[in-house]
Amino acid sequence: MVYLPDGNPGPGRIGDVDIEVVRCGPAELVLPEASVQDVRGGQLFNNRALAFDPAGGGGPLAGAEADRQARAFGLVNTAFHLQRALRYFAGLLQRPLPHLVVRIGMHDQPRRWGGGHYRLPGRAMALESKPVVPDGEIHLGGGARFLTPAKGTQYFHAPAHNAAIIYHEVGHHLCRHTADFRLNRLRPPREQTNKKIALDEGTADVFTAALLGTPDIYGWHRRTIAERDQRRRKLDGHWTMAYFRGGNDGDPHADGTLWASACWTSRERVAAFGADPVRFDALLVRGLELLGDATPFTRTHEALHSRRDFSRLLAAMAHADTQLAPTVLAAMAEHGIRPNASNTELTEAARRRAVDQAHR
């Protein structure tokens, strides 16, 4: 039993699914393409059906059995969405991504953590309890707060119950092993950087929207944030380069929303013209691969800086599918994104356009 996306702001609907499992441990599932472990230990699984009650997310106010059920449900839910995303990307790439390790219940000391992140060996925001594998890991916290319910009872927000968080972090794994925005393949395996740029965050968000079937990807756990607030990260047509900040003051998650929003508009436009929207997903993946293939043999500040520009990836995407290119370029232009321009140039042009429109 897992949560299945239903297009609504919420965890989804409960459904029965099949998961291909290589091995099942007391608090671990090993899949052909990934390993998922609850690092808090204990005997979570006591039957082969892997059907558990989400138990309102469990948490500190739940009894011991309810919390075990919630943790077991979260592990299975994570495994399903992980396998679904990795197989989707493998189909688009026509090759599998490197085996992915997922650890649930990380960084809960000295206080609870309710987030998720994608980690590579190297300097990280949090001290890791054990060495991170060079191909990358996803860490999910055990949960830190209760969600304000739209209706019904409150829910303890365990990230392992949230498909949006899982899909987003798998999106980073895709970016690392295609575009490799931070040129980690040129660094020593144990000295990679965990810093993400807007293109990385935005690409992870748009694939999350594709897999969930909704642009309001964080509408469940950020329901109290207004839809027009950039922190909600809803991928609608409102976001243009006029909102881009960049630099040390910019938040790559917020700036990434601009890229993801433009991609989502492009994906919808592709569908409106009668093509399968999966064709846009394939175009984006191929663009990521082409950008990665252009990795220089030396790591330089200029090379890293240029890879931040939205236009670089857009140009690669246009080259990947010349038939779809006019449709995609037109949709991207509505968000102020066009080829052959830096992010700074695109931002300045979009802000001038906004001022001109306001004075009309």
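Tutor: Let us begin with a definition: a residue is buried when its relative accessible area is under 20%, exposed when it is over 50%, and partly exposed in between, using a 1.4 Å probe and protein chains only. Helices (H or I, at least four residues) and strands (E, at least two) are DSSP runs, numbered from the N terminus. The structure above is a predicted model, in which local features need pLDDT of at least 70 and side-chain atom pairs count only at pLDDT 80 or more, while totals for chains, interfaces and linings use all residues. Residues are numbered from 1 along each chain as its sequence is written, and side-chain values use heavy atoms, with hydrogens and water left out.

Student: How many residues of α1 are buried?

Tutor: Of the 30 residues of α1, 22 are buried, so this helix is largely enclosed by the rest of the structure.

Student: What span should helix α1 have?

Tutor: The expected span is 1.5 Å times one less than the number of residues. Helix α1 covers residues 64-93 and should span 44 Å; its end C-alpha atoms lie 43 Å apart, which agrees.

Student: Where is His107, and is it buried or exposed?

Tutor: His107 belongs to the loop between β6 and β7 (116-119). Its phi is also positive, near 55°, but His107 is buried, with a relative accessible area of 19%.

Student: How should I describe two packed helices?

Tutor: One gives the angle between their axes and the distance between the axes. Here axes are lines fitted to C-alpha atoms, for helices over the stretch in contact, and angles run from 0 to 180 degrees between N-to-C directions. The axes of α1 and helix α2 (residues 163-176) come within 9 Å and cross at roughly 40°. That makes α1 oblique to α2; angles under 35 degrees count as roughly parallel, over 145 as roughly antiparallel, 65 to 115 as roughly perpendicular and the rest as oblique.

Student: Which residues of α1 and α2 make the contact?

Tutor: Contact means heavy atoms within 4.5 Å. Among the residues involved are His81, Leu82 and Phe89 of α1, and Ile166, Tyr167 and Val170 of α2. The residues of this contact divide into 10 nonpolar, 5 polar and 1 charged. Ala, Val, Leu, Ile, Met, Phe, Trp, Tyr, Cys and Pro count as nonpolar, Asp, Glu, Lys and Arg as charged, and the others, Gly among them, as polar.

Student: At what angle do α4 and α8 pack?

Tutor: Helix α4 (residues 252-272) and helix α8 (residues 325-333) pack at about 135°, with their axes 8 Å apart. That makes α4 oblique to α8. The contact includes Trp259 and Arg269 of α4, with Val328 and Met332 of α8. Its residues divide into 7 nonpolar, 3 polar and 1 charged.

Student: Which residues of helix α7 are buried, and what covers them?

Tutor: In α7 (residues 310-320), the buried residues are Phe310, Ser311, Leu313, Leu314, Ala316 and Met317. Their cover includes α3 (198-212), α4, α5 (277-293), α8 and α9 (343-359).
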